[in-house]
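Visitor: I'm new here and would like to learn how to read a structure like this one. Could you walk me through it, feature by feature?

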Amino acid sequence: MPAAVGSSSLLLPPIAKPLKPPSSVPNRTLSLRPVPAPLSARSRLLGRFPIRAAVHVDKETPENERPDTCLLSADGPESPAPIRFRFEKMIREVQDEVCAALEAADRVGKFREDVWSRPGGGGGISRVLQDGAVWEKAGVNVSVVYGVMPPEAYQAAKGKTGTGRGDSAVNAGPVPFFAAGISSVLHPKNPFAPTLHFNYRYFETDAPKDAPGAPKQWWFGGGTDLTPAYIFEEDAKHFHRVQKQACDKFEPRFYPRFKKWCDDYFFIKHRGERRGLGGIFFDDLNEYDQELLLGFSTECAKSVVPSYIPIIERRKNTPFTEQHKAWQQLRRGRYVEFNLIYDRGTMFGLQTGGRIESILVSLPLTARWEYGHQPEEGSEEWKLLDACINPKEWI
């Protein structure tokens, strides 16, 4: 999952004082200021979230104001193919919805926001809630990025498991690209409350610079998956049921196909086990028309809150012991191993010079690696590990 739009949002440095909750920010309209290229008209919006300038990292430029859009003017709503505009609008709405739901569940922690632009084109809005009552770290990031990626980054973005008609073999030279997406990883404190990852993205590439005439490619990708430390069957069934309902609105074959794809993708090869209990995952998807896939991506993204928040409300205050916490830390170690070794988003982000905090925000604040640890057979910990080794059909 490409880091600019993939499995990560931003890990930000602590701030001097707590930010006010979004509901306390008065609605107001402020005047426009001159716009630095390449972003189009930029203004302070009617804000739900306080805005702070991002720390300058890598090639990104911190911005003091949230933009109306990160798109170039040519890609606005009046463009011949406004898919970029509509996708950006969707991910901005979902970011607001998810952040509001997470704050409501936490009741103490509040998101802070950083806005950044990219010299090559585009930018992003990154929100992180850290050390709250419920969330150890919750990041929700949107980005819209233009640029040129080397062949190896193109291969990381496309992968080898896709089944669409995109040209994954094109690797002749640097490839101009457009990428937009929303990405989030949510790590709760309570070991009985599961980690959630979701990401939905849209990609376009032009012909490689030394391969004129190659066709433009486009594809959608994304997914939502659940990573608990302990199994509650009702939670797993609820989560998968909501994912299936989203899929079934478009194609009855989507859920079984993308459920298996998720189980196969989030596989830690050197451990012989999955990262968690799966969900849905797809990439390199362009075998249907853009309207259907835009609608499908929207439905999946809008399903994050109803699939996850009811689980958090059931588990966030469950009493736990140090043993429970230690097992959660070991499972988080597996999460780190997958993201640093196998995740395509991490590779894509590093190979395209992405913002390093964006690439690594998916990592938890704390994790554990214990030498030779094996859970006792029949224990609750063993049941989770067995489900990660042998994926189950939950519905």
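Visitor: Which side chain does the side chain of Glu63 join in a polar contact?

Guide: First, the idea: a polar contact is a pair of N or O atoms within 3.5 Å; within protein, one must be able to donate a hydrogen and the other to accept it, and residues adjacent in sequence count only if both atoms are side-chain atoms. Here, the side chain of Glu63 meets that of Ser117 at 2.7 Å. Before we go on, keep in mind that this is a predicted model: local features need pLDDT of at least 70, side-chain atom pairs count only at pLDDT 80 or more, while totals for chains, interfaces and linings use all residues. Residues are numbered from 1 along each chain as its sequence is written, and side-chain values use heavy atoms, with hydrogens and water left out.

Visitor: Where does Glu63 sit, and is Glu63 buried or exposed?

Guide: Helices (H or I, at least four residues) and strands (E, at least two) are DSSP runs, numbered from the N terminus. Glu63 belongs to strand S2, residues 61-63. As for cover, buried means under 20% relative accessible area, exposed over 50%, and partly exposed in between (1.4 Å probe, protein chains only). Glu63 has 6% relative accessibility, so it counts as buried. Look at Ile125 too: its C-alpha atom is 9.7 Å from that of Glu63, although the two are 62 residues apart along the chain.

Visitor: What does the side chain of Asn141 make a polar contact with?

Guide: With the side chain of Ser126, at 2.4 Å. Asn141 is part of strand S5, which covers residues 135-149, and it counts as buried because its relative accessibility is 0%.

Visitor: Now for charges. How many salt bridges are there?

Guide: The general idea is that side chains of opposite charge can pair when their charged atoms come close. The rule asks for a side-chain nitrogen of Lys or Arg within 4 Å of a carboxyl oxygen of Asp or Glu. By that rule, the count is 35 salt bridges. One of them pairs Arg118 with Glu60, with 3.3 Å between the closest N and O atoms. Arg118 lies in the loop between strand S3 (112-117) and strand S4 (122-130), and Glu60 in the loop between strand S1 (51-53) and S2, so the pair ties together parts that are 58 residues apart in sequence. Arg118 is buried at 11% relative accessible area, and Glu60 is buried at 2%.

Visitor: How far apart in the helix are Asp264 and Lys260?

Guide: An α-helix has 3.6 residues a turn, so residues three or four places apart point the same way. Asp264 and Lys260 are four residues apart in helix H4, which means about one helical turn separates them. Their side chains form a salt bridge of 2.7 Å, N to O. Asp264 is partly exposed, with a relative accessible area of 40%, whereas Lys260 is exposed at 53%.

Visitor: Which residues do salt bridges that share partners join into one network?

Guide: Arg66, Asp96, Glu113 and Arg127. Take Arg66: it lies in the loop between S2 and helix H1 (83-106) and is buried at 5% relative accessibility. The side chain of Arg66 also makes a polar contact of 2.9 Å with the side chain of Glu113.

Visitor: Which residues are buried in helix H10?

Guide: In H10, residues 380-389, the buried ones are Glu381, Leu384, Leu385, Ala387 and Cys388. Seen down the helix axis, the buried residues of H10 fall within an arc of 160°, so they line one face; the arc is that of the directions from the helix axis to the C-beta atoms. They pack against strand S10 (273-274) and H7.

Visitor: And the whole chain: how many helices and strands does the chain have?

Guide: There are 10 helices and 11 strands. Of the 395 residues in the chain, 57% are buried. Contact means heavy atoms within 4.5 Å. Among contacts in the chain with a separation of 6 or more, 76% come from residues 24 or more positions apart.
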